[in-house]
Number of protein chains: 2
Amino acid sequence: MEEIVLHEVGMRDGLQMEPQAVPLETKIRWLDALMHSGIDIIQVGSFVHPVKVPQMADTDRLFEHYRGTGRKPVGVTLSALVLNERGLERAHACGVELLCMGVSASETHSRKNTGMSIAEATDRILSMARTGLDSGMKVQVSVQSAFGCGFEGPVPAETVLRIAARFVEAGLVHISLADTAGHAVPEQVESMFQEVMKLDPKVACACHLHDTFGLGLVNCLAARRVGVRCFETAVAGLGGCPFTKVAGGNVCTEDFVHYLQRTGQCVEVDLNGLIGVARDMAGFFGRELPGRVYKTGPIAYRADMRQL
Amino acid sequence: MEEIVLHEVGMRDGLQMEPQAVPLETKIRWLDALMHSGIDIIQVGSFVHPVKVPQMADTDRLFEHYRGTGRKPVGVTLSALVLNERGLERAHACGVELLCMGVSASETHSRKNTGMSIAEATDRILSMARTGLDSGMKVQVSVQSAFGCGFEGPVPAETVLRIAARFVEAGLVHISLADTAGHAVPEQVESMFQEVMKLDPKVACACHLHDTFGLGLVNCLAARRVGVRCFETAVAGLGGCPFTKVAGGNVCTEDFVHYLQRTGQCVEVDLNGLIGVARDMAGFFGRELPGRVYKTGPIAYRADMRQL
């Protein structure tokens, strides 16, 4: 199998859900530790109006902190989520390396999030992606609510494929499918990624899965089975909404890495470093977070040493 | 795929871990609801010295409550765990239908649990199983710590297979592999069950998996992929030790059923009935239990209706 790419999204998809804003210096401490743990890509934050999401107001300052200062280890890529043209300008100005942007496959979710239909939102993302590429940034596009929607329920696979096909036609081959509501089952994850990868041999898929109904890791491993290489996960399993039980967190980075390392994959990642960040976060927020391995500690031997 | 058999073990493997004893009438309320939810086999308790495990002291009385009274729906099988000859006598006396008994594949675990080596414990279980069969009970034998041990770490697959082979030679073909410590990874689950099933075409495997490191459902689905039909799970994900984070609970029955039903399996099971029991248990114990779906509620549509 090809090498796995870990994309840590807890600093964005996790912290944006927390009612308690995290001070800049604390974010820097967590980012430093994440960078030195061997994670490939770290999502630093999003560019969104600070009144809308105050937790992300310092995203520009965080990028400036690392830009050209030698504070970032070689080989680590910093990403950010952009939602509109203003965000795109800010991202370019502060040195974002990888732009992430997406379209929801649910009409209701799309309208609630962007005020636009799926078709309008897709046009806009294609235009933004073009601007980003022309400015020298890498771009990953995603289909949100690709496996079901909290508002609409089932999301037709055809809708997901239609959006993905438009991405591919525009030369955008780094495509993430996001299970925003956590509705995915592994059979669906396998078939959906396989169909998207069939669109073009150049397509490189990422998965962004939430653990709402306990299937986060199950779905992650299903994606892996069909050749997905890039995994967007959050340290400590951050990303659930603390106010509602239905918004489950992201798949937990260190739980996923713990599994991978037990089978001889991603052994270069510093699992204890990740566990340290998760424990620091649990202390900061003063509550138990969804991750398992930061509580139990890792198993001290590799499982693949004794397989039949 | 062949039909799934659900074996609910929360009333035994769950309640035995709880410091708070559950009154007989509460157990009966939970058992009644579990029986009417469409679960195939329900483990009522274990026969163990009441001083050792006071939570299981009323197992005989529970069996007497259901025996020949018409209180148990047709088609439901009641099982119990037996640990020694005295327990076997009690089980026979009160009308147990399915006897469960096991041997650990870890020398340390075996000696700590039974005071016997693996070889001695196997001899004893074979003799007990014979007595049970001769008395007209069904027997399921298990290999505990089959995927790793909290004391010893790795458990050689050869040890598991040696025990399983002795079961098969004695005509005991209902074999459960238990991940007592929660160390299993899905690759290992697949290979181990495949090897055990290769011992004899008559072998019917069950899995008993713990969710300590977040892989419980992942491992359950791995077992299913290679043809395991019987799943031992616990409502609400009971079975973790409330005093130590390292002893994870069983795979959660209603979370597993929720997944199954979303893909068109086990649709005859009353998921809401199971969720009701889990909520009742969480209220009784006054804490959040590991299950997910009893907190979120189920997703209201089937995922397999829209698959590619």
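This is a short tour of a predicted model, with stops to select in your viewer.

**Before you start**

Residues count from 1 along each chain as its sequence is written, and chains are lettered from A and ligands numbered from 1 in the order in which they are written. In this predicted model, local features need pLDDT of at least 70 and side-chain atom pairs count only at pLDDT 80 or more, while totals for chains, interfaces and linings use all residues.

**Stop 1**

Select chain B and show its strands. Helices (H or I, at least four residues) and strands (E, at least two) are DSSP runs, numbered from the N terminus. Eight strands form a closed barrel, in the order β1-β2-β3-β4-β5-β6-β7-β8, with parallel pairing. The average twist from one strand to the next is 25°. Strands pair if DSSP finds at least two bridges between them.

Now select residues 204-209 and 230-233 of chain B. These are β7 and β8, parallel and joined by three bridges. Look for B:Ala206, which faces B:Cys230 in β8(B).

**Stop 1: a helix across two strands**

Select residues 59-66 of chain B. This is helix α3, which lies across β2 (41-47) and β3 (77-82) of chain B. Its direction is at about 140° to β2(B). Axes are lines fitted to C-alpha atoms, for helices over the stretch in contact, and angles run from 0 to 180 degrees between N-to-C directions.

**Stop 2: two loop residues**

Which residue other than glycine has a phi near 50°? Select B:Ser145. B:Ser145 sits in the loop between β5 (138-144) and α7 (157-169) of chain B. B:Ser145 is buried, because 29 C-beta neighbours lie inside 10 Å. Next, select B:Ala236, with a positive phi of about 65°. B:Ala236 is in the loop between β8 and α10 of chain B. With 30 C-beta neighbours inside 10 Å, B:Ala236 is buried too. Buried means 20 or more other C-beta atoms within 10 Å, exposed 12 or fewer, partly exposed in between; C-beta atoms are placed from the backbone.

**Stop 3: where the chains meet**

Show both chains. Residues are in contact if their C-beta atoms, placed from the backbone, lie within 7 Å.

**Stop 4: the axis**
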